[in-house]
Amino acid sequence: MAKILIVDDDPAIREILRAYLSHEGYELSEAADGVSALALAPAADLVVLDLMLPEMDGLEVARHLRRDLPDLPILMLTARGEEEERVRGFEEGADDYVTKPFSPRELVARVRALLRRSGLHDRLVYGELEIVPGSREVYLAGRPVELSKLEFDLLLTLAQHPGMVFSRERLLERVWGSDFFGVERVVDVHVASLRKRLGDEPDRPRFIETVRGVGYRFKETE
């Protein structure tokens with residue numbers, strides 16, 4: 001999932017944003033000042049940036065980010081709602097602007113929109129494994145993994161719900177379709193093939209676990 005950097009010197013605001021964005025499954029990092037934000041930004045896919053910050057204000061941070069990380073989406077968050085301030089924010093590189101007090105749900109929706117525009121909204125990352133549903137690509141330790149259509153659909157179904165146990169019957173319905181006529185054994189065959197391509201050992205799984213007598217689940221990251 002996308003990595004979001006929250007930059008705000010108010011702990012209460014960071015807590016609110018953390019609660020709503022983590023609920024959406026985003027991986028979060030936080031900074032309380034502009035200098036720390038610049039240090040953390042290269043690892044982020046999007047920055048939620050407050051305007052009023054100690055040491056270096058949000059406009060200056062945005063200026064540095066746009067120069068050094070031109071493709072990084074910036075959502076500016078500030079108590080200043082005047083048109084002139086919004087214009088300055090956009091001129092310095094902000095991609096969107098939300099004023100305080102704000103609706104957390106609206107902010108999450110704007111984050112989704114920015115990530116969708118940048119092509120990162122649907123990316124799932126679990127350790128060395130990266131899944132890009134839009135382009136149906138899979139990478140392991142940065143290297144592409146070739147999967148069949150069924151293998152990809154099976155992996156995506158499991159990975160979108162880490163920790164959830166799927167019975168073979170349910171996987172048949174979701175991946176093969178409700179009109180599929182065949183035996184449940186076909187699920188085991190494809191899981192075995194998928195594990196092999198991911199370098200996953202059944203007795204020491206990194207990604208796909210067997211739940212004996214039930215089915216399979218994608219292993220939750222530690």
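Colleague: Which residue does the UniProt annotation "modified residue: 4-aspartylphosphate" cover, and where is Asp-50 placed?

Modeller: According to the UniProt record, an unreviewed entry, that annotation covers Asp-50, and in this predicted model Asp-50 has its place in strand S3. An annotation of this kind may be inferred rather than shown by experiment, so I would keep what the record says apart from what is computed from the coordinates.

Colleague: Is Asp-50 buried or exposed, and which residues is Asp-50 in contact with?

Modeller: A residue counts as buried when its relative accessible area is under 20%; Asp-50, at 3%, is therefore buried. Leaving aside neighbours within four places in sequence, Asp-50 is in contact with Val-7, Asp-8 and Asp-9, with Gly-58, with Leu-77 and Thr-78, and with Lys-100.

Colleague: In which sense do S1 and S3 pair, and in which sense do S3 and S4 pair?

Modeller: Strand S1, residues 3–7, pairs with S3 in the parallel sense over four bridges, and within that pairing Val-7 stands opposite Leu-49. S3 also pairs in the parallel sense with strand S4, residues 74–78, again over four bridges, and there Val-48 has Leu-75 as its bridge partner.

Colleague: Turning to a helix, which residues of H7 are buried, and which are exposed?

Modeller: In H7, which spans residues 168–176, the buried residues are Arg-168, Leu-171, Leu-172, Val-175 and Trp-176. Seen down the axis, they fall within an arc of 105 degrees, so they line one face of the helix. On the other side of H7, Glu-169 and Glu-173 are exposed.

Colleague: What is the relative accessible area of Arg-168, and with which side chain does the side chain of Arg-168 make a polar contact?

Modeller: Arg-168 has a relative accessible area of 19% and is buried, although that value should be read beside the cut-off, which is under 20%. The side chain of Arg-168 makes a polar contact with the side chain of Asp-188, at 2.7 Å. Not counting residues up to four places away in sequence, Arg-168 also touches others, including Glu-184, Val-187, Val-214, Gly-215 and Tyr-216.

Colleague: Which residues other than glycine have a positive phi, and which two residues does a cis peptide bond join?

Modeller: For backbone angles, read the value and then the place of the residue. Glu-55 has a phi near 75 degrees and is found in the loop between strand S3 and helix H3 (58–68), where Glu-55 is exposed with a relative accessible area of 69%. Ala-141 has a phi near 55 degrees, belongs to the loop between strands S8 (137–140) and S9 (143–144), and at 52% relative accessibility counts as exposed. The cis peptide bond joins Lys-100 and Pro-101, with omega about -5 degrees; Pro-101 is found in the loop between strand S5 (96–99) and helix H5 (104–118).

Colleague: What is the mean pLDDT of the protein chain, and where is confidence lowest and highest?

Modeller: The chain has a mean pLDDT of 86, and 93% of its residues reach 70 or more. Confidence is lowest in helix H4, residues 83–91, at a mean of 71, and highest in helix H2, residues 34–40, at 94. Where pLDDT is low, the predicted coordinates should not be read in detail.

Colleague: How many helices and strands does the protein chain have, and what percentage of its residues is buried?

Modeller: The secondary structure comes to eight helices and twelve strands, and buried residues make up 42% of the 222 residues in the chain. Along the principal axes, the C-alpha atoms fill a box of roughly 65 × 30 × 25 Å.

Methods
Residues are numbered from 1 along each chain as its sequence is written. This is a predicted model: local features need pLDDT of at least 70, side-chain atom pairs count only at pLDDT 80 or more; totals for chains, interfaces and linings use all residues. Side-chain values use heavy atoms; hydrogens and water are left out. Buried means under 20% relative accessible area, exposed over 50%, partly exposed in between (1.4 Å probe, protein chains only). Helices (H or I, at least four residues) and strands (E, at least two) are DSSP runs, numbered from the N terminus. The arc is that of the directions from the helix axis to the C-beta atoms. A polar contact is a pair of N or O atoms within 3.5 Å; within protein, one must be able to donate a hydrogen and the other to accept it, and residues adjacent in sequence count only if both atoms are side-chain atoms. Contact means heavy atoms within 4.5 Å. pLDDT is the predictor's confidence in each residue, from 0 to 100. Two strands pair if DSSP finds at least two bridges between them.
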